[in-house]
Amino acid sequence: MSGVGKTVCVTGASGYIASWLVKLLLHRGYTVRATVRDPNDSKKTQHLLSLDGAKERLHLFKANLLENGSFDSVVEGCEGVFHTASPFYHDVKDPEAELIEPAVKGTLNVLGSCTKIQSLKRVVLTSSIAAVAYNEKPRTPEVVVDETWYSSPDLCKKNKMWYVLSKTLAEDAAWKFVNEKGIDMVTINPAMVIGPLLQPTLNTSAAAILNLINGAKTYPNASFGWVNVKDVANAHIHAYETPSAKGRYCLVERVIHFSDVVKMLSEIDPTIELPQKPADDNPDVPIYQVSKEKAKSIGIDYIPIEVSLKETVESLKEKKFFTS
């Protein structure tokens, strides 16, 4: 219980990763000041308020990513700030307004508030493998992606990868800002995050699994890294609590093709009707490797993807997103 007597802030607390982060921080004894868009929206807050320790040590605040100074009063007196709030979805009409501005401006607003507090020890920013792996370098089975890689904004724009662009620009802006202001920041860069859902709403990465088990006719011809949400939440806390932690931490248990995801799902529950063919006739998008060394250095020992998928399916059933 190393968090007893310490106060930290979690932004975007009703989100998938953030909900687990709040749960684990409360479990470790921290007092958590958490931001949500609307503290009166019980659909977004009830799962947080019912966590162990929430009654005594969880305080909800309304804050707007795009409003300058919106986080000033929230971070007041905090030793650590976990900035997880950033939109993630695919069906985008206006990338600038929906993804890029909230990601970049929101991050700078939170960091701006952090410059005003004397108590601050470290900021942990939830970035993404999206800000790491998308550049002109090939990603093939022998290639190992690591924390020295950076995604190319030009490539993202050219290929209309708006979410990837938003995370790339936000992380880049954050590093420039903290280096200039002398703030101690660490970033966590997870791949596709799966595992049990605490929140009642469906998040984008769990939706990728739900789609496969809920009647999709084909599976994407794509290879992604995957990681359990509990490992991601734990990594945030380890990165905050480990004095020697610095820079970026990629979090990927394994990179696999969607055809292997389908195979694993059929072994988890043979009764589920799963898609048998890819969405196109092109050769399978190759897998690649992601270095685990830095994550290991802060004590992350990954939950295997087979377990993560099983937990995701069980959670989606339990929350009635899907009935077999």
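1. The lining of the largest cavity is made up, by class, of three nonpolar, six polar and two charged residues. This is a predicted model, and the points below describe what was computed from it. The lining residues are His83, Thr84, Ala85, Ser86, Thr107, Leu125, Thr126, Ser127, Lys167, Ala170 and Glu171. Two elements give two or more residues each to this lining: strand E5 (122–126) and helix H7 (162–181). Of the elements, H7 gives the most, with three residues.

2. How much space lies in the largest cavity? The volume is about 60 Å³. The count of cavities of 30 Å³ or more comes to one.

3. The second largest pocket has a volume of about 160 Å³. Its lining consists of Ser2, Lys6, Tyr30, Glu79, Lys121, Arg122, Asp184, Tyr240, Glu241 and Pro243. By class, that lining has three nonpolar, one polar and six charged residues.

4. Glutamate 79, one of the residues lining the second largest pocket, deserves a separate look. Where does glutamate 79 lie? It is in the loop between helix H4 (72–75) and strand E4 (80–83). Is glutamate 79 buried or exposed? Buried means under 20% relative accessible area, and glutamate 79 counts as buried because its relative accessibility is 18%. Leaving aside residues up to four places away in sequence, glutamate 79 touches Lys6, Thr7, Ser119, Leu120, Lys121, Arg122 and Tyr240. Among these contacts, Lys6, Lys121, Arg122 and Tyr240 also line the second largest pocket.

5. The next points concern salt bridges. Side chains of opposite charge can pair when their charged atoms come close. The structure holds 12 salt bridges.

6. Aspartate 172 forms a salt bridge with lysine 176, and their closest N and O atoms are 3.0 Å apart. Both residues lie in helix H7, four residues apart, which is about one turn of the helix. Helix H7 also contributes to the lining of the largest cavity. Aspartate 172 is partly exposed, with a relative accessible area of 38%, whereas lysine 176 is exposed, at 54%.

7. Another salt bridge joins glutamate 311 and lysine 230, with the closest N and O atoms 2.8 Å apart. Glutamate 311 lies in helix H12 (residues 305–318) and lysine 230 in helix H9 (residues 229–241), so this pair ties together parts that are 81 residues apart in sequence. Glutamate 311 counts as buried because its relative accessibility is 18%. Lysine 230 is partly exposed, with a relative accessible area of 21%. These two values fall on either side of a cut-off, since buried means under 20%.

8. Arginine 254, by contrast, counts as partly exposed, at 29%.

Key. Residues numbered from 1 in each chain as written. Predicted model: local features only at pLDDT ≥ 70, side-chain atom pairs only at ≥ 80, totals over all residues. Heavy atoms only, no water. 1 Å grid on protein atoms, 1.4 Å probe; cavity = no way out; pocket = protein on both sides within 12 Å on 5 of 7 lines; lining within 4 Å. Points joined across faces, edges and corners; volume = space filled by probe spheres on them. Nonpolar A, V, L, I, M, F, W, Y, C, P; charged D, E, K, R; others polar. Buried < 20%, exposed > 50% of the residue type's maximum accessible area, 1.4 Å probe, protein only. Contact = heavy atoms within 4.5 Å. Salt bridge = Lys/Arg side-chain N within 4 Å of Asp/Glu carboxyl O.
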